[in-house]
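Please keep the sequence and the 3D view open as you go.

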Amino acid sequence: MKTYKSIFILVIFVILLFSTNCFSQESETYYITLNVNTSVINSQNESAVSNFGQEEGISNEDYTISVNVGDTIIWQGLSSSSPNDVVNISSINYEGGKNIFNRNRLSGNGQVPEQVVGTVVIGNVGEFIKYKLSFTVLNDGRRRGGTYHIDPKILIKG
């Protein structure tokens with residue numbers, strides 16, 4: 001009888017250990033860097049002179065990051081033309097699909113260079129979320145143009 005009890009306890013322990021390892025998921029942090037040619041950007045070419053470092057043939061609008069619920073995304077900008085220029089990511093605005101951040105707008109942190117941080121709080125595997133990334137550019141401390149926008153996607157992975 002004592003042997004069966006010991007085996008039963010061992011089996012329960014192994015099941016708990018296995019289920020914890022299989023179903024627990026470590027949250028990850030993703031850095032999304034928008035590279036901008038700050039010396040030539042204007043309202044007519046914002047998408048042509050900006051990219052996320054994606055493969056050729058993938059537009060900024062089709063650029064997709066895959067994340068899990070619980071993951072953190074940090075959007076940041078970088079000038080590809082001058083170390084003295086700044087790309088400020090001012091906001092992330094929900095546009096379509098499930099609102100995985102539970103807020104329609106994620107604001108920048110107010111620093112220079114400005115970044116936006118968001119943590120995915122809800123979502124189902126396979127869902128695509130459309131959002132608008134808004135950014136501004138400073139050339140040697142002076143604002144260049146207005147606010148620019150790019151519309152990439154987020155995919156909830158499993």
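**Around Thr-136**

Leaving aside residues up to four places away in sequence, Thr-136 touches Val-86, Val-87, Asn-88, Arg-143, Gly-146 and Thr-147, where contact means heavy atoms within 4.5 Å. This is a predicted model, in which local features need pLDDT of at least 70, side-chain atom pairs count only at pLDDT 80 or more, and totals for chains, interfaces and linings use all residues. Residues are numbered from 1 along each chain as its sequence is written, and side-chain values use heavy atoms, with hydrogens and water left out.

- Thr-136 belongs to strand 8 (residues 128-139); strands (E, at least two residues) are DSSP runs numbered from the N terminus.
- Its relative accessible area of 10% makes Thr-136 buried (buried is under 20%, exposed over 50%, partly exposed in between; 1.4 Å probe, protein chains only).

**Salt bridge**

- The structure holds one salt bridge, defined as a side-chain nitrogen of Lys or Arg within 4 Å of a carboxyl oxygen of Asp or Glu.
- Asp-62 and Lys-153 form it, at 3.6 Å from N to O.
- Asp-62 sits in the loop between strand 2 (50-51) and strand 3 (64-67) and Lys-153 in strand 10 (residues 153-156), so the pair ties together parts 91 residues apart in sequence.
- Asp-62 is partly exposed at 45% relative accessible area, and Lys-153 is also partly exposed, at 24%.

**Backbone points to check**

- Most residues other than glycine have a negative phi, and most peptide bonds are trans.
- The Val-112 to Pro-113 peptide bond is cis, with omega near 0°; Pro-113 is in the loop between strand 6 (105-107) and strand 7 (116-119).
- Asn-102 has a positive phi, near 60°, and is exposed at 52% relative accessibility.
- Asp-140, in the loop between strand 8 and strand 9 (142-150), has a positive phi of about 50°.

Definitions and conventions. Helices (H or I, at least four residues) and strands (E, at least two) are DSSP runs, numbered from the N terminus.
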